[in-house]
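Please open the structure in your viewer and keep the sequence beside it. The tour below goes from one selection to the next.

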Amino acid sequence: MTSELHDVTDEYGTYAPKGAACLLCQREIKPTERARRGYLTPEGGGKRGDMNPVYHHAQKCPPV
Ligand SMILES: [Zn+2]
């Protein structure tokens, strides 16, 4: 895996789509939990529009 987390945007947090799993702890992010969104660059690069959004818990799992 060469994917890398990029651009954790939403300064104030957001909510993940239903069923989204936390990137860091792999648990589901519940609708009541705040999440932050970042983007994974696809392997081999690719355009920005090809990036996949990923979510993690805003409080329990801060990005390193
Ligand atoms: Zn988590």
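This is a predicted model: local features need pLDDT of at least 70, side-chain atom pairs count only at pLDDT 80 or more; totals for chains, interfaces and linings use all residues.

Two residues are in contact if their C-beta atoms, placed from the backbone, lie within 7 Å. Among contacts in the protein chain between residues at least 6 apart in sequence, 49% join residues at least 24 apart. Residues are numbered from 1 along each chain as its sequence is written.

Colour the protein chain by confidence: the average pLDDT is 80, and 70% of the residues score at least 70. Select strand β1 (residues 5-6), where confidence is lowest at a mean of 62, and then strand β3 (residues 52-57), where it is highest at 88. The chain has zero helices and three strands, where helices (H or I, at least four residues) and strands (E, at least two) are DSSP runs, numbered from the N terminus.

Next, select Ala-16, Ile-29, Ala-35, Val-54, Tyr-55 and Ala-58, the six residues of the largest nonpolar core, meaning a set of buried Ala, Val, Leu, Ile, Met, Phe, Trp, Tyr and Cys residues joined through C-beta atoms within 7 Å. A residue is buried if 20 or more other C-beta atoms lie within 10 Å of its own, exposed if 12 or fewer, and partly exposed in between. Leaving aside neighbours within four places in sequence, Ala-58 is in contact with Gly-13, Arg-34, Ala-35 and Arg-36.

Finally, select Gln-26, in the loop between β1 and β2 (35-40). Gln-26 counts as exposed because it has 9 C-beta neighbours inside 10 Å.

Methods:
pLDDT is the predictor's confidence in each residue, from 0 to 100.
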